[in-house]
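Dear colleague,

I am handing over the structure below.

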Amino acid sequence: MILEKKMADEMTEEACEDKEYDERCSLLQKEIDELVMKHSGQIPTHEIIFALVMTASEIAYTCAPSHKIAHETIKAGIKTGFEISLDDSIEKGTLH
């Protein structure tokens with residue numbers, strides 16, 4: 001019984017940590033969206049995208065435990081972004 005309670009407490013803690021993580025990610029996404037909107041009138045969108053990807057890549061290669069992990073993380077981010085965009089385009093009927 002004690003083990004079950006401990007496991008339940010750990011699961012609850014993990015769920016809270018995931019929620020906090022999700023909230024931080026949502027906040028970061030909102031801040032990035034605001035940054036893009038702020039500069040989109042003066043800088044072409046493709047140049048903003050380049051700057052964001054370049055900066056994120058630099059951070060990944062600097063902070064990740066290895067270049068391989070950084071590279072895999074960047075690839076996963078690009079793949080996920082593409083899939084989200086594709087899903088949105090299909091849902092909106094704007095696939096081109």
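The side chains of Glu-72 and Lys-75 form a salt bridge, with N and O 3.4 Å apart. Please keep in mind that this comes from a predicted model. Both residues belong to helix α3, which covers residues 67–92, and they sit three residues apart, about one turn of the helix. Glu-72 has a relative accessibility of 39% and so counts as partly exposed. Lys-75, at 42%, is likewise partly exposed. Buried would require a value under 20% and exposed one over 50%.

How many salt bridges does a search of the whole structure find? The search returns two. The other one links Glu-83 to Lys-79, and its closest N and O atoms are 3.2 Å apart. This pair also lies in helix α3, with a spacing of four residues, again about one turn of the helix. Glu-83 is partly exposed, because its relative accessibility is 34%. Lys-79 has a relative accessible area of 53%, so this residue is classed as exposed.

As for the overall architecture, the protein contains three helices and zero strands. Along the sequence this gives the pattern α-α-α.

Regards

Note on methods
Residues numbered from 1 in each chain as written. Predicted model: local features only at pLDDT ≥ 70, side-chain atom pairs only at ≥ 80, totals over all residues. Heavy atoms only, no water. Salt bridge = Lys/Arg side-chain N within 4 Å of Asp/Glu carboxyl O. Helix = DSSP H or I, 4+ residues; strand = E, 2+ residues; numbered from the N terminus. Buried < 20%, exposed > 50% of the residue type's maximum accessible area, 1.4 Å probe, protein only.
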